[in-house]
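Look over the sequence and the model before reading on.

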Amino acid sequence: MRTKALAALVALVGVTAFLSPAEAASPSPPPPSPERIKVKRLPLPPTAPSDEAGSCTRSVNPRGTGCVSAGWGSTMRTGGFLPDGRVVTANVTFAGAPAAPDPASVYSGSQLIAVRTDGKTFPNGDAWKCLTCGVPPENRQGMNPDISYPQPFADGRRVLWGTNVLDCGPHRLASAACTPARVRVYPIRWNTKADGSGPGSTIRELRLHPDQVHLGFNATSVTAGRFDQYGYFARLKFDPSPTTGPPRAPRYDLEKVTRMFDADTAEQPVHVDPGKPSKLMFDASVPSVGELRGFSKDGREVFYVGFPAESSNMDLMAADLRTGKVRRVTADPGYTDPMDSSPDDRWIVALDTRGSDRVTFMSGMTGIPPITDLLTTSAVSSVRNNGDRRFFQPYLIDRHGDRGAYRGRQLNYANTSPNWNAGADPRWSPDGTTVAYHERLVSAPSCGGANPLPCPVSEEPGGRRTRLMLAELVDREPVHRRPVKPVSDEVPWGTPYVPGSSLPERPYPPQGTYTLSGKSSGSAKVDIVWDETKTTVKTVSLRYRRYSDDGTSFLDGTERVTRVSHSTTLTSLDWYSDLVKTGRGGKVLATKKTSADGFHLTIDLWETVFQATGTLTTTVGGKTYTQPANGT
């Protein structure tokens, strides 16, 4: 029975070719057997016939409680569950509302709704309830425009709503007593000036810590023309009457802020051996938080995407908040980013490009140390998207991660359409038996017109190109999650933030020629060249000779990458690769090769539209992975 289950799993989620023999034979526990998963659509307001004012008539919605936009560019965003596990929050875009003074005029624009997942309805007969439609202006003074990633607090009365906190006072959000007139929206402010003045700094991708008093966030920066980002950990404190900085209205301030980067040692995963200046080292145990993605439900670990453990392979990592101990969470060559940990921390659901092979032409050859990644990480990460299109699908992965043939279990494994893709973030129910997520159907300009991909027709109500989904793990018993006590404000491996202080620079190895030794055998000659201004690394070249970290596979050949920054976000890579990985008997396991004229990628880190000349091709176990067509 066990053999059949594993065979079925291999058929569903992949082959062993991506892992080295040493990894395939690792002492991790056997992978879990595939489990039954039932996926259903959750109810949403009717679809507006158009975005024109007044199109959402009583014939479309007899209750006059609004219509949602059909477009995929709407702000549909899955939120977290309320404490009872029977209601989930979501951002939607209302459209077609009549003009004031019609009572239905409030159902307009981006709003936060609560959706029942148990088939029941709210008192008015709808399966959804708009929490923010009609909140009076005096109840949302200084509200920040960022309303992404709704995350309810455990009290069931508040929601972290982008860079705001929505609060219904003593009333539970799902109750009839919680009306828009009783809702308050308080902005969150991070003070970055020594005297407390100014509007505060822009923050993004906030994630609530399980102790309910801390959160994580990210802030971008541009240093010496380079785009960079740091993750931060902070305490939320409510100030009913602030006396410094705008807005001078009730707000939440971020206090005891820590940057998740050790500015004293400034150690990076790739660094020069202090005792041997000609030796380059790679240490995957160094925390390198590029973008903070969330926390374990016991509050001990922070999840992030950072410097990769293998070249071009962007995985989820976790670091202990107290000790800084790093754990690699995923290892598949696909790009992983949005995620949520289960209530008992035995599982994660991650949105991943695995299965689409979107980035495998760059990342499929495992065992390459991430040295050219000193230049390529941001551009490689950007290939995961095509503009607004994501190539994500939701995967259920146990705590021990990818290993052997195990690549997790696609939640929507019955979904045969690659054109419906998942969006951030997936969310576990409090009892660990269901997962909510949303999907978007590829739309123009990521299809149609000059794009070779035809735009598919939506079969959702009203032609809607977004949908809210619920995956039921039908064989699971409910788990009970204990409240998390407030953790320390201190992150020992980070640096306390001082308002007004300058940003540190992530250090890079000086220009020079180095030797990188394999953990088992062999080595690589590494040449690092800085640009003319001596402000950033321009070119990284490597020549591998029987390089091996595991003693069972060996890397030979050359790779060279040059980066040119046209602006803070527009980057070009000139890439030349001729790599071969062999086994002990000399059998070719994988190759990574560019065309004779090289592979030349130009991509904007925000626009994320793939444009390249030349080719980069990776072959693993006899299967060849090629780059996407330009513009797709």
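## Pairing of the cysteines

What is the pairing when the bonded cysteines of the protein chain are numbered in sequence order? The pairing is 1-2, 3-4, 5-6, 7-8. The model is a predicted one. Its disulfides come to four.

A disulfide is a covalent bond between the sulfur atoms of two cysteines. Three of these links are described below.

## C56 and C67

C56 is joined to C67 by a disulfide, with an S to S distance of 2.0 Å. C56 and C67 both lie in the loop between strand 1 (37-41) and strand 2 (77-81), so the pair ties together parts that are eleven residues apart in sequence.

The link of C56 and C67 is right-handed, with 70 degrees about the S-S bond. Are these two cysteines buried or exposed? Both C56 and C67 are buried.

## C130 and C133

C130 and C133 are also joined by a disulfide, S to S 2.1 Å. Why is this disulfide right-handed? The torsion about the S-S bond of C130 and C133 is about 80 degrees, so the link has that hand. C130 is buried, and C133 is buried too.

## C447 and C455

The sulfur atoms of C447 and C455 lie 2.1 Å apart and form a disulfide. This link of C447 and C455 is right-handed, with 100 degrees about the S-S bond.

C447 counts as buried because its relative accessibility is 1%, and buried means under 20%. C455 has a relative accessible area of 34%, so C455 is partly exposed.

## The largest cavity

How many cavities of 30 Å³ or more does the count come to? The count is five. The largest cavity holds about 70 Å³ of space.

Ten residues line the largest cavity. P32, S33, P34, Y406 and R409 are the ones that lie nearest its centre. By class, the lining of the largest cavity divides into six nonpolar, two polar and two charged residues.

## The second largest cavity

The second largest cavity has a volume of about 50 Å³. Which residues line the second largest cavity? The lining is made of P269, F282, D283, A284, V286, S288, Y304, F307, P308, A309 and M317.

Nine residues of this second lining are nonpolar. One is polar and one is charged. Asp counts as charged, so D283 is the charged residue in the lining of the second largest cavity.

Conventions. Residues numbered from 1 in each chain as written. Predicted model: local features only at pLDDT ≥ 70, side-chain atom pairs only at ≥ 80, totals over all residues. Heavy atoms only, no water. 1 Å grid on protein atoms, 1.4 Å probe; cavity = no way out; pocket = protein on both sides within 12 Å on 5 of 7 lines; lining within 4 Å. Points joined across faces, edges and corners; volume = space filled by probe spheres on them. Disulfide = S-S within 2.5 Å. Helix = DSSP H or I, 4+ residues; strand = E, 2+ residues; numbered from the N terminus. Buried < 20%, exposed > 50% of the residue type's maximum accessible area, 1.4 Å probe, protein only.
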